[in-house]
Amino acid sequence: MESIRASPDHNAFYTLLSALCQNGNVEEAEEFMLNNKKLFPLDTDGFNIILYGWSSVIDVEHEPKRVWRDMARCCIMPNADSYKLMISCLSRARKLFDSLKLYDEMKRKGWIAGIEVYNSLICVLANENCLDQALNTLKKIKELGLRTHCGEKTVGNMIQNHVDGVSDFFRFRACGI
């Protein structure tokens, strides 16, 4: 009997990984990806799906960091989406230094930050009471002509919640928010 030759379907593979992650089975998705690396070689897209899965899980900071290290260990180069996902995870965990360090690395490697990265940076900066830097980031968004997903008023309100006193309020208003 002749064996049937079938080529691997990467789209189906990524769809399955995404479905597993969306249903909260991130560990299983990661295990499936690693167990099938001979048929579907490890790549940035697969790791990004796993990063996205872990970024959806609340209060899990160490798993995305582990996946990031696994990417490096497997010689998989992160792309702009990888950085976006990782910066988002770090900012939600209120890791200001790590978020900014990764943002700087992203810029050094020539990746262009999108609105999601800037929103994450504004969030972590505001949460850590770095209002001047948060406002400068908001100005940069305006200069680049980017639009926030949630609108400038929402981002402005997020920063304004951390404003102390009248002088900070007027400095905040001077930015046009």
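The model is a predicted one. The chain comes out with 10 helices and 0 strands, so reading along the sequence gives the pattern α-α-α-α-α-α-α-α-α-α. Of the 177 residues in the chain, 41% are buried. Among contacts with a separation of 6 or more, 59% are between residues 24 or more positions apart.

Two packed helices are described by the angle between their axes and the distance between the axes. Helix α5 covers residues 80-92 and helix α6 covers residues 96-108; the pair packs at an angle of about 165°, and their axes are 9 Å apart. An angle over 145 degrees counts as roughly antiparallel, and α5 and α6 are therefore roughly antiparallel to each other. The way α5 passes α6 is a left-handed crossing. On the α5 side, the contact is built from A80, Y83, M86, I87, L90 and S91, while α6 brings D98, S99, L102, Y103, E105 and M106. Sorted by type, the residues of this contact between α5 and α6 are 8 nonpolar, 2 polar and 2 charged.

Helix α5 also packs with helix α7 (residues 115-127), here at an angle of about 15° and again with axes 9 Å apart. Since angles under 35 degrees count as roughly parallel, α5 and α7 are roughly parallel to each other. Their crossing is left-handed. From α5, the residues involved are K84, I87, S88 and S91; from α7, they are E116, V117, S120, L121 and V124. This contact of α5 with α7 splits into 4 nonpolar, 3 polar and 2 charged residues. Looking at both lists for α5, I87 and S91 turn up in the contact with α6 and also in the one with α7.

The remaining pairing is α6 with α7. Their axes come within 10 Å and cross at roughly 150°, which makes α6 roughly antiparallel to α7. As α6 passes α7, the crossing is left-handed. Here L96, S99, L100, Y103 and M106 of α6 meet V117, Y118, L121, V124 and L125 of α7. The breakdown for this contact of α6 with α7 is 9 nonpolar, 1 polar and no charged residues. In α6, S99, Y103 and M106 face α7 in this contact and also belong to the contact with α5.

D70 sits in helix α4, which spans residues 62-73. Its relative accessible area is 12%, so D70 is buried, the cut-off being under 20%. Leaving aside residues up to four places away in sequence, D70 touches E30 and F47.

E27 belongs to helix α2, made up of residues 26-35. With 55% relative accessibility, E27 counts as exposed, as the cut-off for that label is over 50%. E27 and G53 are 26 residues apart in sequence, and from C-alpha to C-alpha the distance between them in space is 9.1 Å.

How values were computed
Residues numbered from 1 in each chain as written. Predicted model: local features only at pLDDT ≥ 70, side-chain atom pairs only at ≥ 80, totals over all residues. Heavy atoms only, no water. Axes fitted to C-alpha atoms, helices over the stretch in contact; angles between N-to-C directions. Helix = DSSP H or I, 4+ residues; strand = E, 2+ residues; numbered from the N terminus. Parallel < 35°, antiparallel > 145°, perpendicular 65-115°, else oblique. Left-handed = near helix turned anticlockwise from the far one by under 90°. Contact = heavy atoms within 4.5 Å. Nonpolar A, V, L, I, M, F, W, Y, C, P; charged D, E, K, R; others polar. Buried < 20%, exposed > 50% of the residue type's maximum accessible area, 1.4 Å probe, protein only.
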